[in-house]
Amino acid sequence: MSNVETDPVAPRRATGEAPGPPSAPEPRVDVLTPRDVPLGGPRAMTVRRTLPQRARTLIGAWCFADHYGPDDVADTGGMVVAPHPHTGLQTVSWLFSGEIEHRDSLGSHALVRPGELNLMTGGHGIAHSEVSTPRTTVLHGVQLWVALPEAHRHTRRDFRHHVPEPVRTDAAEIRVFLGTLAGSTSPVPAFTPLLGAEIVLAPHAALTLAVDPEFEHGLLVDRGRVRVAGTALDAAELGYVHPGAAALTLRNESDGPARAVLLGGTPFEEEIVMWWNFIGRSHDDIARAREDWQNASDRFGAVQDHPGGRLPAPALPHATLTPRRNPPRA
Ligand code: MN
């Protein structure tokens with residue numbers, strides 16, 4: 001996915017929520033609400049963006065979260081994103097419904113399908129295109145980015161596909177696409193400690209998951225109303241769970257199944273500069289990446305077999321781009 005948006009908005013902070021049981025104090029949860037961002041194109045598919053926003057840049061190394069659908073592609077035109085570049089990050093495409101054709105400058109040609117991880121490492125530079133397939137009627141999923149740490153941000157480009165085996169209990173069905181949860185570990189390696197999983201909860205079910213207390217977490221609710229660590233989240237909200245918890249309890253407060261994506265990781269302490277589809281550490285990093293893309297440099301390579309042209313980079317702002325980091329820990 002290509003980022004076209006520039007002005008994040010402030011979150012709603014949870015207040016007056018019931019405290020957890022006294023024997024196991026629950027971690028603090030901030031509720032981050034999404035803003036609608038049109039992706040551009042003829043009929044402009046719109047996504048709900050919860051990361052980054054003013055109050056929070058990262059959760060672990062997760063630095064970008066777009067949530068979309070369920071959209072009838074007859075109305076929205078589906079996803080049509082021409083070849084565009086990335087640096088310093090990985091992209092994770094995770095679908096609940098529909099199908100997206102992915103092509104990149106490694107020569108990868110993959111179909112992104114529900115329940116299957118497609119992880120692309122941009123590293124020093126990659127280009128890709130993403131187009132929903134003609135047989136897609138309903139498009140529904142998330143697009144997530146992971147910031148690469150300094151030691152690996154110029155790594156070579158890579159693409160991985162993995163289909164996690166679901167963990168099924170009476171309460172839930174869990175698909176772990178990155179890291180470890182509920183006894184399931186993804187074989188796909190990450191550059192920082194990271195967790196990514198889809199969780200479907202049965203109506204009114206509760207589920208307690210052991211988690212790494214060093215991790216901070218984000219629960220993005222797709223469907224239903226889910227209470228995490230005592231704070232209720234409605235569909236499309238992202239609950240930021242502060243680090244320190246050894247277990248997280250999720251409760252589905254809806255009459256139907258609920259679905260959420262659980263993200264986690266150790267706090268990412270580096271300052272990053274994020275602009276358009278690039279992550280760097282300075283304005284100059286970004287300006288160089290932009291110039292390399294505009295000059296069709298080998299840094300990004302070419303996407304084969306995409307009908308139509310590549311996306312031009314927008315103009316750089318007149319002001320110097322400055323690094324962002326999370327607010328200081330309370
Ligand atoms: Mn992209």
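Where pLDDT is low, the predicted coordinates should not be read in detail. This is a predicted model, and the mean pLDDT of the protein chain is 92, with 92% of its residues at 70 or more.

**Overall build**
- The secondary structure of the protein chain consists of two helices and 26 strands.
- With a radius of gyration of 19 Å, close to the 20 Å that the globule rule gives for 330 residues, the protein chain is as compact as a globular protein of that length.
- Along the principal axes, its C-alpha atoms fill a box of roughly 60 × 45 × 35 Å.
- Of contacts between residues at least 6 apart in sequence, 72% join residues at least 24 apart.

**Burial, surface and charge**
- Buried residues make up 56% of the 330 in the protein chain.
- The chain exposes about 13,700 Å², of which carbon and sulfur atoms supply 51%.
- There are 31 positive and 38 negative side chains, and the centres of the two sets are 2 Å apart.

**Backbone spots worth a look**
- Leu51 and Pro52 are joined by a cis peptide bond with omega about -10°; Pro52 sits in the loop between strands E3 (46–51) and E4 (62–72).
- Another cis bond runs from Gly69 to Pro70, with omega near 5°, and Pro70 lies in strand E4.
- Ala236, in the loop between strands E21 (231–233) and E22 (238–241), has a positive phi near 85° and counts as buried at 12% relative accessibility.
- Ala296, in the segment after helix H2 (283–294), has a positive phi of about 55° although it is not a glycine.

How values were computed:
Residues numbered from 1 in each chain as written. Predicted model: local features only at pLDDT ≥ 70, side-chain atom pairs only at ≥ 80, totals over all residues. Heavy atoms only, no water. Helix = DSSP H or I, 4+ residues; strand = E, 2+ residues; numbered from the N terminus. Rg over C-alpha atoms; globule rule 2.2 N^0.38 Å. Buried < 20%, exposed > 50% of the residue type's maximum accessible area, 1.4 Å probe, protein only. Contact = heavy atoms within 4.5 Å. Areas by Shrake-Rupley, 256 points an atom, 1.4 Å probe, with all protein chains shown as cover. Lys, Arg positive; Asp, Glu negative; His and termini not counted. Charge placed at Lys NZ, Arg CZ, Asp CG, Glu CD. pLDDT = per-residue confidence, 0-100.
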